[in-house]
2 protein chains.
Amino acid sequence: MDERQVGGLNFQIDFSQPLYEQILDQFRSSIAKGEIDLGEKIPSVRELAQVLKINPNTVMRAYQELERDGLTEKRRGQGTFVTTSQEKVRQFRHQLAQEYIDAFIQHMENLGYTWADIEAYMKNKR
Amino acid sequence: MDERQVGGLNFQIDFSQPLYEQILDQFRSSIAKGEIDLGEKIPSVRELAQVLKINPNTVMRAYQELERDGLTEKRRGQGTFVTTSQEKVRQFRHQLAQEYIDAFIQHMENLGYTWADIEAYMKNKR
DNA sequence: TAAGTGTATTATATCACTTAATACACTTAG
DNA sequence: CTAAGTGTATTAAGTGATATAATACACTTA
């Protein structure tokens with residue numbers, strides 16, 4: 001719906017999900033994929049809010065989550081930076097992947113699918 | 001959090017999700033797994049609302065979704081019944097499974113995982 | 001000192017979800 | 001025919017998450 005450039009990043013914002021979750025997910029994705037380098041500065045709260053035309057508080061909420069994820073660190077008066085720890089990024093990726101897998105398997109088993117069924121579906125997809 | 005028996009079915013209700021979605025998912029699951037026979041009557045809107053101690057309108061919303069799924073049929077003055085079409089149940093299961101798989105793959109690719117990674121994770125799970 | 005950082009607070013608005021109280025048309029058991 | 005049980009519709013109200021708005025404070029750097 002809405003697409004904006006900021007700091008070399010591509011932002012997609014719509015109304016299908018809470019704004020702060022979309023910002024959160026896109027940073028998570030960018031950092032996990034290495035599209036943002038370790039230690040790199042991300043846009044300031046005010047800048048991103050202005051570019052996306054949303055409220056600074058909403059961006060704040062996303063940034064606080066990012067820090068709880070261990071993906072960013074804040075420096076007073078300077079800004080928000082991607083963690084310099086490759087290990088933290090790896091750990092985060094692995095944990096989130098586990099959650100996705102568990103949720104997926106849970107869903108499939110709720111529908112009465114067996115492991116053989118799931119594998120068959122997966123084979124069709126690749 | 002809350003567990004209740006009604007018409008041979010087990011109901012789990014909490015506050016982690018909208019109530020109508022929880023009711024919906026549990027009926028979907030029960031029907032897809034064959035825990036409720038084709039053509040069988042499910043509890044009336046009022047009865048289920050009373051047992052679960054929630055509002056009839058909330059149950060109604062779930063039942064309307066169920067019918068949109070093609071899993072139930074309503075008969076005026078009689079009640080709501082599971083469809084007699086095995087084909088509709090199969091179709092529903094397959095469609096929902098596809099959605100779960102697509103969402104899962106989307107998530108994993110957002111985290112930068114490749115197909116080989118996904119397969120490795122899956123192997124660890126079984 | 002001024003501008004740019006993150007952060008906190010208070011107030012307001014909107015929307016999804018849920019409840020509540022009724023009412024109506026239909027079907028079935030008596 | 002009557003009463004009870006069905007699904008359904010309507011209107012009103014309450015709650016919580018989300019988002020906006022306006023403002024202020026402490027810190028850092030040029």
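In chain B, helix H4 (residues 86-110) and helix H5 (residues 115-125) have axes that come within 10 Å and cross at roughly 115 degrees. The crossing of H4(B) past H5(B) is right-handed. On the H4(B) side, the contact is formed by Phe104(B), Ile105(B), Met108(B) and Glu109(B), and on the H5(B) side by Trp115(B), Ile118(B), Tyr121(B) and Met122(B). By class, these residues comprise seven nonpolar, no polar and one charged. The model described here is a predicted one.

Chain A can be read alongside this picture. Its helix H4 (residues 86-110) and helix H5 (residues 115-125) have axes that come within 10 Å, with a crossing angle of roughly 115 degrees. H4(A) and H5(A) cross in a right-handed manner. Here Phe104(A), Ile105(A) and Met108(A) of H4(A) meet Trp115(A), Ile118(A), Tyr121(A) and Met122(A) of H5(A). The contact of H4(A) with H5(A) is made up of seven nonpolar residues, with no polar and no charged ones.

Setting aside neighbours within four places in sequence, His94(A) is in contact with Tyr113(B) and Tyr121(B). Tyr121(B) is also one of the H5(B) residues that take part in the contact with H4(B). Within chain A, His94(A) and Ala32(A) are 62 residues apart in sequence, and their C-alpha atoms are 9.9 Å apart in space.

Attention now turns to an annotated region of chain A. The UniProt annotation "domain: HTH gntR-type", from an unreviewed entry, covers residues 17-85 of chain A. Over this stretch the chain is 51% helix and 14% strand, and the C-alpha atoms at its ends are 30 Å apart.

Not counting residues up to four places away in sequence, Thr72(A) touches Ile31(A), Ile42(A), Tyr63(A), Leu66(A), Glu67(A), Thr80(A), Phe81(A), Val82(A) and Thr83(A). With Glu67(A) there is a further detail: a polar atom of the Thr72(A) side chain lies 3.3 Å from the backbone nitrogen of Glu67(A).

Conventions. Residues are numbered from 1 along each chain as its sequence is written. Chains are lettered from A and ligands numbered from 1 in the order in which they are written. This is a predicted model: local features need pLDDT of at least 70, side-chain atom pairs count only at pLDDT 80 or more; totals for chains, interfaces and linings use all residues. Side-chain values use heavy atoms; hydrogens and water are left out. UniProt positions are given in the numbering used here, feature names are shortened, and annotations may be inferred rather than shown by experiment. Helices (H or I, at least four residues) and strands (E, at least two) are DSSP runs, numbered from the N terminus. A polar contact is a pair of N or O atoms within 3.5 Å; within protein, one must be able to donate a hydrogen and the other to accept it, and residues adjacent in sequence count only if both atoms are side-chain atoms. Contact means heavy atoms within 4.5 Å. Axes are lines fitted to C-alpha atoms, for helices over the stretch in contact, and angles run from 0 to 180 degrees between N-to-C directions. A crossing is left-handed if the near helix is turned anticlockwise from the far one by less than a right angle, and right-handed if clockwise. Ala, Val, Leu, Ile, Met, Phe, Trp, Tyr, Cys and Pro count as nonpolar, Asp, Glu, Lys and Arg as charged, and the others, Gly among them, as polar.
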